[in-house]
Amino acid sequence: MDAPPDPDPLRARLDVLERQAELGGGTERIAKQHEAGKLTARERLDLLLDPGTFTELDKFVMHRSGEFGMADKRIPGDGVVTGYGQVDGRQVFVFAQDFTVFGGSLSGAYAQKICKVMDLATRVGAPIIGLNDSGGARIQEGVESLAGYADIFLRNTLASGVVPQISLILGPCAGGAVYSPAITDFIVMTKDTSYMFITGPEVIKTVTHEEVTKEDLGGALAHNQKSGVAHFAAENEQASIVLTRELLSFLPSNNAEDPPHHPSEDEPFRAEESLRTLVPPNPNKPYDIKEVVRAVVDQHHHYARNIVVGFARLNGRAVGIVANQPAVLAGVLDISASVKAARFVRFCDCFNIPLVTFVDVPGFLPGTAQEWGGIITHGAKLLYAFAEATVPKVTVITRKAYGGAYDVMASKHIRADVNYAWPTAEIAVMGPEGAVNIIFRNELAKAADATAERARLVSEYREKFANPFKAAELGYIDEVILPEQTREKLVRALEMLKDKRQENPGRKHGNIPL
């Protein structure tokens, strides 16, 4: 009988392959990565995951291409590190693109590695976190690399609404590669070192003769302030990873679980007296809705600018916050605000996260740009999202709730569960001034002192309609509450609703407005 092979050569071969995989593109390219202000794929995973929890998959996979001299350029791992680990003791699946190996470009084998962890994450029911830093498709592989991207896009789509998907953009992400992050739930970018675009500055200059830098075209601030593609802009990679860990603390692992509960040190029913005087007596003066949110919720939350959306905790329970922002465009709903809020509402509904909505909205933004841009369709997206959502929904009207925007912002009529209003709430078709101009047009034209008569009529209209009591009389508002009672009322309502069970009518799916 043959003797067993000497284990030492096998161990030596294993050690060599492991060292090659862990060095990626080698020490020189790692040094260049650091010089560019970027971490390596493995350094990023070390920061993201709990120490000692990472299990790597497909560490020795290599590309299969023999064209253009690639047969002699095979590196174990092939430019992406994949596997699973834990964040705060909860399982997650990860892939981290390695820019030191062929510029992080995607090959067929590389794509298969990513698809494997995505398939596992969906079967197991755990979040998928992608750390993106890639030059795009590997040109030497042609259609095989393109097929790899499409395989990933399909899995992003099938995983959507099943497990949370988070994309960190930590370097370049261009061309077809951008569509994978675009399908995921949240995109985190780093200032100065990350960018996303379909076509780069050179192509744009050639085709349209426009000159633009990578940062202005597709940097973190461009996509957080202008396009709305990204959700967070962090100062550096470390901050991006810390933010991602924090974001995960609000999310369930999958759509069959409830969000994690974190014991709160806050008094659940504290009365926040500062809210009593927050809303100005003049209904046209702005105030910062974030002050309301900060006063009501537990310790922290994330914000967007036009309409405030993000996560918070109430008595330790994760909730999604949607709030009009009177300090920006008077809190009006426009195309961007409607689209952003609608997607956030649908995410929360996918993953069983209750929604708390703060309303101070004078209506939809008027103008040709909005109308021609499709405000009707885009505003309908927010209406559709709130109406479709089956999670607990609690609404607080702090001041203005005018016109169709009142209906859209989680009103009782589109299945909000509990609706509160502060005494400062104004629920009407439009503001008193506009209403008087329409209703009493003829009387004002005949009045001896039109200014005085208008003032009298405005005051009368405000007394009758610019308050929450008519809506409360009709049952559209469940309770008129004092501002300082808001936290207590929200905590009690969410506790009452924690076992809510509601399903939409049986169907394949609805047809969301374009």
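I first wrote down a cut-off: buried means under 20% relative accessible area, exposed means over 50%, and partly exposed lies in between. The model I am reading is predicted.

**Entry 1: rings.** I looked up Y179. Its relative accessible area is 42%, so Y179 is partly exposed. I then searched the whole structure for aromatic pairs and got eleven. In one of them, the ring centres of F153 and Y179 are 6.2 Å apart and the planes stand at 80 degrees, so I noted the pair as edge-to-face. F153 sits in helix α5 and Y179 in helix α6, 26 residues apart, so this pair links distant parts of the chain. Next I checked Y195 and F197. This pair is stacked, with 5.1 Å between centres and 15 degrees between planes. Both residues are buried. I also found one aromatic cluster, with F186, F232 and F250 among its members.

**Entry 2: a helix pair.** I turned to α4 (residues 108-124) and α5 (residues 143-159). Their axes come within 8 Å and cross at roughly 10 degrees. That makes α4 roughly parallel to α5. Residues of α4 in the contact include I114 and M118, and those of α5 include I152 and R155. I sorted the contact residues into six nonpolar, four polar and four charged.

**Entry 3: S249.** Where is S249? I found S249 in the loop between α10 and α11. S249 has 10% relative accessibility, so I list it as buried. A polar atom of its side chain lies 2.5 Å from the backbone oxygen of E246.

Terms used. Residues are numbered from 1 along each chain as its sequence is written. This is a predicted model: local features need pLDDT of at least 70, side-chain atom pairs count only at pLDDT 80 or more; totals for chains, interfaces and linings use all residues. Side-chain values use heavy atoms; hydrogens and water are left out. Axes are lines fitted to C-alpha atoms, for helices over the stretch in contact, and angles run from 0 to 180 degrees between N-to-C directions. Helices (H or I, at least four residues) and strands (E, at least two) are DSSP runs, numbered from the N terminus. Angles under 35 degrees count as roughly parallel, over 145 as roughly antiparallel, 65 to 115 as roughly perpendicular and the rest as oblique. Contact means heavy atoms within 4.5 Å. Ala, Val, Leu, Ile, Met, Phe, Trp, Tyr, Cys and Pro count as nonpolar, Asp, Glu, Lys and Arg as charged, and the others, Gly among them, as polar. Buried means under 20% relative accessible area, exposed over 50%, partly exposed in between (1.4 Å probe, protein chains only). A polar contact is a pair of N or O atoms within 3.5 Å; within protein, one must be able to donate a hydrogen and the other to accept it, and residues adjacent in sequence count only if both atoms are side-chain atoms. Rings of Phe, Tyr and Trp (its six-membered ring) pair if their centres lie within 6.5 Å; planes under 30 degrees apart count as stacked, over 60 as edge-to-face and the rest as tilted.
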